[in-house]
Amino acid sequence: MAKFVINGGNTLKGEIKINGAKNAALPILAATLLADSPSVLRDIPDLRDVTNLCEIIKKMGANVKRSNHLVEIDPVGINSFETDKELAKKLRASYYILGVMLAKYGEARTSLPGGCSIGNRPIDLHLKGFKALGADVSLNHGIVEVKADKLVGDKIYLDYPSVGATINIMFAASLAEGKTVIENAAREPELVDLANFLTVMGANIKGVGTDIIKIEGVDKLEGKEHRIIPDRIEAGTYMIAAAITGGDVFVKNVLTEHIKSLIAKMHEMGIEIEEDISGVRVIKNGKLKSVDVKTLPYPGFPTDLQSQMMVLLTQTKGTSIVKETVWENRFMHVDELKRMGADITIDGHSALIRPSFLSGAEVTVTDLRAGAALILAGLVSDGKSKVSKIHHVERGYEGIEKKLASLGADIKRVK
Ligand code: EPZ
């Protein structure tokens, strides 16, 4: 199994470019199956999750061509409504196939996405939406099956503004008969990117980015071209890397309006942020002030930056409180950080972070963003760290060790 070996203490300086957003690319790859003709997608990041979803789509009969950051999908050859069981278990986002297959062919089957370590990750709101549009839903032996002779629009209230449920209901409603209203919808930028693509394909969607989305079903959708938005979580991770190492880094290809919450917190901590049209410059000068952070659905502070922010907070001169409100079990990184000397106390869904001197250790990654946090900790630790189970990290960060090394970090990927 590959590991990252990091010698801490270097400051990061220079410029890196952010890739297309994983969490926009995955639903948009699925959305191409709603069309009757090929789509061409640009700025698709080269990630394990993308490879697995492309494999799932290929096994369903579509023609998938991928080169560098470009993917061309021709859905005309689709001959199955079922995802490959093993692949679907590796990738939660495989459940997007349910929404697109139900909309296009009135039938879909997938293995219930494996709960991953950050929580049991139910899909009850997805299924509530499908049922509201007239689908029959069954769950047998870990296989979710949805079927409908006809989908008819309806009003759906989401008990929680779930990103995945909002996306899947949007898929199903886009080809349903009549009007669907999603209330308490998620507002994440990746949803807006998806809605922009669906609209160009011919869908009739209004209000994405607010908590009320209105969809008028249409008869068919056309394959189109689209460029994926930049990954706000990848960008935030490198911005925190710059701050934690006391560096000066220009993070290129960032839509700063998508990370206003992080920028606000970094300002509060005394970190200098210069925003411009093509990206954001992060300069850490002087001591870091402690701040409290509470994760919330967009536009609140993103849960996907919680673990990375926690590491930065260990380097302030005061005490900080981090409250995780989105996932029920997203503090797995804390035990590993404590092995590096972090002074963190967990109380339920809150963590108290005190000033900590971090020293290198052998640590194990439990989930994607926890892995990013452990790498950040290694960058600022005294001595050598070995980070194992890095396949979790490679699901969501393209070439992370190369990007960090190009900024001056001492990090190597070893077998
Ligand atoms: C998306 O997951 C992201 N993944 C997650 O990023 C991100 O953490 C999450 O949104 C929140 O922003 C992708 O886009 C592929 P949710 P998703 O449905 O859609 C509960 C990463 O690191 N819920 O908004 O699965 C759920 O238990 C990943 O890139 C239900 O109760 O998130 C959780 O507590 C990790 N019932 C909350 O909602 C449902 O039917 C948020 O889940 C669905 C969700």
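Me: Which residue takes a positive phi in the hairpin of strand 19 and strand 20?
Reply: In that hairpin, which has two residues between the strands, Gly348 takes a positive phi near 70°; strands here are DSSP runs of E with at least two residues, helices are runs of H or I with at least four, and both are numbered from the N terminus. This is a predicted model, in which local features need pLDDT of at least 70 and side-chain atom pairs count only at pLDDT 80 or more, while totals for chains, interfaces and linings use all residues. Residues are numbered from 1 along each chain as its sequence is written, and side-chain values use heavy atoms, with hydrogens and water left out.

Me: How many bridges are there between strand 19 and strand 20?
Reply: Strand 19 (residues 343-347) pairs with strand 20 in the antiparallel sense over five bridges, where pairing requires that DSSP finds at least two bridges between two strands. Strand 20 (residues 350-354) is also joined by four bridges to strand 18 (residues 320-323), and these two run antiparallel.

Me: And what stands opposite Leu352?
Reply: Thr345 stands opposite Leu352 of strand 20, and Ile321 also stands opposite Leu352.

Me: Switching to the ligand, how many residues surround it, and which are the closest?
Reply: The ligand is surrounded by 23 residues, of which the closest are Asp124, Leu125, Ser162, Asp304 and Val326; a residue counts as near if one of its heavy atoms lies within 4 Å. These shell residues divide into ten nonpolar, five polar and eight charged, with Ala, Val, Leu, Ile, Met, Phe, Trp, Tyr, Cys and Pro taken as nonpolar, Asp, Glu, Lys and Arg as charged, and the others, Gly among them, as polar.

Me: What lies 2.9 Å from an oxygen atom of the ligand?
Reply: That is a polar side-chain atom of Lys22, while a polar side-chain atom of Asn23 lies 3.1 Å from a ligand oxygen, and an N or O atom in the side chain of Arg92 is 3.0 Å from an oxygen atom of the ligand. Taken alone the ligand exposes 830 Å², and the protein buries 89% of that, with areas from the Shrake-Rupley method and a 1.4 Å probe.

Me: Which helix gives the most to the shell?
Reply: Helix 5 does, with three residues.

Me: Last one: which residues of helix 9 are buried?
Reply: In helix 9 (residues 260-268), Ser261, Leu262, Ile263, Lys265 and Met266 are buried, meaning under 20% relative accessible area with a 1.4 Å probe and protein chains only. Just after helix 9, Gly270 takes a positive phi of about 90°.

Definitions and conventions:
Polar contact = N/O pair within 3.5 Å; in protein donor to acceptor, adjacent residues only side chain to side chain. Buried < 20%, exposed > 50% of the residue type's maximum accessible area, 1.4 Å probe, protein only.
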